[in-house]
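Welcome! Please take a look at the sequence and structure below, and then read on for a short tour.

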There are 2 protein chains.
Amino acid sequence: MTETSLRERLLVATLPAEERENGRRLLQALACVEDKLKLVERELETRTRSKTPTIGLIGEYLVDGGGKRIRPALLLLSAQILGYTGDRDVRYGAVIELIHTATLVHDDIIDAADIRRGRESVNHRWGNELTVLFGDYLYMKSMEIALDEGDLRVLRVLSDVTLEMTEGEIIGSEIRGSLDISLERYLDIVRRKTALLFGAACRIPTFLPGVETSGDTLWRYGLALGTAFQLQDDLLDYTASEKDLGKPVLSDLREGKLTLPLILVLPDLSRAERKLVDTVLRERSFTSVSPDQILEIVAHHTALERAREMLEGYASEARALALSLPECPARDGLVLAAEYAAHRRK
Amino acid sequence: MTETSLRERLLVATLPAEERENGRRLLQALACVEDKLKLVERELETRTRSKTPTIGLIGEYLVDGGGKRIRPALLLLSAQILGYTGDRDVRYGAVIELIHTATLVHDDIIDAADIRRGRESVNHRWGNELTVLFGDYLYMKSMEIALDEGDLRVLRVLSDVTLEMTEGEIIGSEIRGSLDISLERYLDIVRRKTALLFGAACRIPTFLPGVETSGDTLWRYGLALGTAFQLQDDLLDYTASEKDLGKPVLSDLREGKLTLPLILVLPDLSRAERKLVDTVLRERSFTSVSPDQILEIVAHHTALERAREMLEGYASEARALALSLPECPARDGLVLAAEYAAHRRK
């Protein structure tokens, strides 16, 4: 990957006009890990290279299509804050991104998604068959790299997190299509689905050789940041355009998933309004009910405002935790990441 | 699981009439690990117990539906041969069975199988969605148990084997529907698909505390046994009845998979015969060609006899390797397992 494409990816990922200053500052803050992010990219390329054509192809497809590499960036920033100067953080950055990609790939089957990261999803292009295997392959590759490092404590963190993530997906699939979701249950799913891996990314550097740290500020930072990140994802499903997001809006509801905005206002809905939401969840399409009818309900109950308030709470917590760390460019990166998580548009 | 059901399972798994004596002897040989096999069963039950209803249910379904527990039995026999007296072998037995079950579960999606082990398959009953997640869950549970034991060498063996197995499935899916498979490529898939996990089951006990061993007889035994086991599986697809096997005969071909018997005689087929086989592989059904037409080709070229000869070679190798180990009841178990692998009817 070239330097330009990394910059572009990050620029595009920030708010365009009024937030451009934030974007510029985030880029500056990430400059301190930019070289290492390139090494993570190289590690990902090397590790998914294969004599087996299919593995090579899908690997290319996924690595080139790349996400924002937020998790590796967090890991590298955390390692730098802790004064780590070796290169194990690069490998663990690749591990974290491989786990994340594996969950995305298997999620595509679960969601029967046609589009992912603005492009045709892996399962739509390759079928369920190869998609299952490729997700497995990515999980196992991540384990292989982590095993090479030989630290059982890190392996345990990774094992715990991936297990909880999978359980979270299973719980999520149990309640799919249902209106009956408490805020507590929803937040537990958010924790498993997104927050834990963010937490792991920030925590793993505390186990790196030569690093001495007391306290779990980075772990708690990662959890709060990941929660804010996921809640913003939920909000974007209501507010973003198809072009920005790379997927259709209101797609969560269409997949039978109730997210924060509606969960928060659920007790306030009229019988008729509940019925409309319930119909979309059951039909898993906007056949009998239009997206606009749902958006009206959301607007009437100020659901987005209430969800944003909650999201800002988590982002502020993350920001405060980051600010409690020793001042350095990498620390500023974590602070700005909290702002980015809460305000990103894709 | 009760003692009776274990005995029944093993009895049923042996040849009924002429081979009943073999079955009885295998049962006797397994008596030396029967208590530990029950502990493996308990470990599997405990580890798939969950507060999440779906996990509990699928766990029950899989554990109750149980396979023959061949891999844990091999692991326990190998540990006993090496003089191991602790209880880590029980946990590793569960690990190996969980990995095996995880591959079966994901295979169900790949094969779009309706039937597995004589019952409705997991994906047919629960859908692709939960099946993906449940396979992931089983893989991760296996890793969790292995991590508890804290031996990086064993973790490495497990990681290598599962990665090679997944690559094998991907290679298998690449050549699916194709007539163009060399014997070498086919045997590589057999190694990855079955032999490696058998090998790992026999090899892991060499890493148990207090065990000192030189040489890799158990590892080579496991590889030869696993190969014989898989080749017998291929043969059973041609020779077994639907009732015995728990799945329709010629199902491999119907799924676009060419196996040993036809691969061996491929160079001898007439143009017309090749075309018939090719049609089934491409149609993935017996629409234009009948099963009997395929069975005629197989009989005409003595494909089953030639495949059996090859299979007996691997079984003999396994038997000879087992016989080279110190004499003891567990050693006899391995010898009889080689006979069972080559002659089992399901």
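## How confident is the model?

pLDDT is the predictor's confidence in each residue, on a scale from 0 to 100. It matters here, since this is a predicted model. Within chain A, helix α8 (residues 183-203) has the highest confidence, with a mean of 97, while helix α1 (residues 3-12) has the lowest, with a mean of 40. Chain A has a mean pLDDT of 87, and 85% of its residues reach 70 or more.

Take care with residues 1-18 of chain A, where pLDDT stays under 50. The model has 25 contacts beyond four places in sequence for that stretch. Where pLDDT is low, the predicted coordinates should not be read in detail. The model's other scores are ipTM 0.87 and pTM 0.89.

## Where the chains meet

## A helix pair in chain B

Now look at helix α5 (residues 70-81) and helix α9 (residues 183-203) of chain B. Their axes come within 7 Å and cross at roughly 30°, so α5(B) and α9(B) are roughly parallel to each other. The crossing is right-handed.

From α5(B), the contact uses Arg71(B), Leu74(B), Leu75(B) and Ser78(B); from α9(B), it uses Leu197(B), Phe198(B), Ala201(B) and Cys202(B). By class, that makes six nonpolar residues, one polar and one charged.

Note on methods. Residues are numbered from 1 along each chain as its sequence is written. Chains are lettered from A and ligands numbered from 1 in the order in which they are written. This is a predicted model: local features need pLDDT of at least 70, side-chain atom pairs count only at pLDDT 80 or more; totals for chains, interfaces and linings use all residues. Axes are lines fitted to C-alpha atoms, for helices over the stretch in contact, and angles run from 0 to 180 degrees between N-to-C directions. Helices (H or I, at least four residues) and strands (E, at least two) are DSSP runs, numbered from the N terminus. Angles under 35 degrees count as roughly parallel, over 145 as roughly antiparallel, 65 to 115 as roughly perpendicular and the rest as oblique. A crossing is left-handed if the near helix is turned anticlockwise from the far one by less than a right angle, and right-handed if clockwise. Two residues are in contact if their C-beta atoms, placed from the backbone, lie within 7 Å. Ala, Val, Leu, Ile, Met, Phe, Trp, Tyr, Cys and Pro count as nonpolar, Asp, Glu, Lys and Arg as charged, and the others, Gly among them, as polar.
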